[in-house]
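I want to jot down what I look up here, one entry at a time.

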Amino acid sequence: MNEIIQYILMLTTGFVLGMLFFGGLWFTVKKSVSAKNPVVWIVGSFIVRMGSVLLGFYYMAQFGWRAMFLGLLGLIMARIITMYFIKKYDAKQHLSK
C-alpha cells in the first residue's frame, strides 16, 4: 500500500513540474514579445524551468525507474492539459479584441 501512495505522489510531482514548465513557457513567450530585452526572459526562464524539472526528476530517481516513469507520465499529462487550457484562453482573448 505504501508503494502505491509513493507512485501516486510521483505522478502528481511530475504533473506539477509539467504545469510549472509549460505554464512558465507560455508566460515567457507572452512576456518576451513585448519585453525590451527578450533574450534575458527566454534564457532566464529556460534556466529556471529546466533546473526545477531536473531537480524534481533527480529527487524522483532515488525511488527507482518506475517512479521516474510515472513522473514523466505526469509531465506529459500536464503538457496535454496545459496546451488545452492555453488554446482555450488564447481563443477567448482573441475573440474579445
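I started with Ser96: buried or exposed? Ser96 counts as exposed because its relative accessibility is 56%, and exposed means over 50% relative accessible area, buried under 20%, and partly exposed in between (1.4 Å probe, protein chains only). This is a predicted model, where local features need pLDDT of at least 70 and side-chain atom pairs count only at pLDDT 80 or more, while totals for chains, interfaces and linings use all residues. Residues are numbered from 1 along each chain as its sequence is written, and side-chain values use heavy atoms, with hydrogens and water left out.

Next I checked where Ser96 sits: it belongs to helix α3, residues 65-96.

Then I went for the whole fold. I found three helices and zero strands, in the order α-α-α along the sequence. (Helices are DSSP runs of H or I, at least four residues; strands are runs of E, at least two; both are numbered from the N terminus.)

The radius of gyration, taken over C-alpha atoms, is 16 Å, well over the 13 Å from the globule rule for 97 residues, so the protein is more spread out than a compact globule. That rule is 2.2 Å times the number of residues to the power 0.38. I noted the C-alpha trace too: about 50 × 30 × 15 Å along its principal axes.

Last entry: buried residues make up 24% of the 97.
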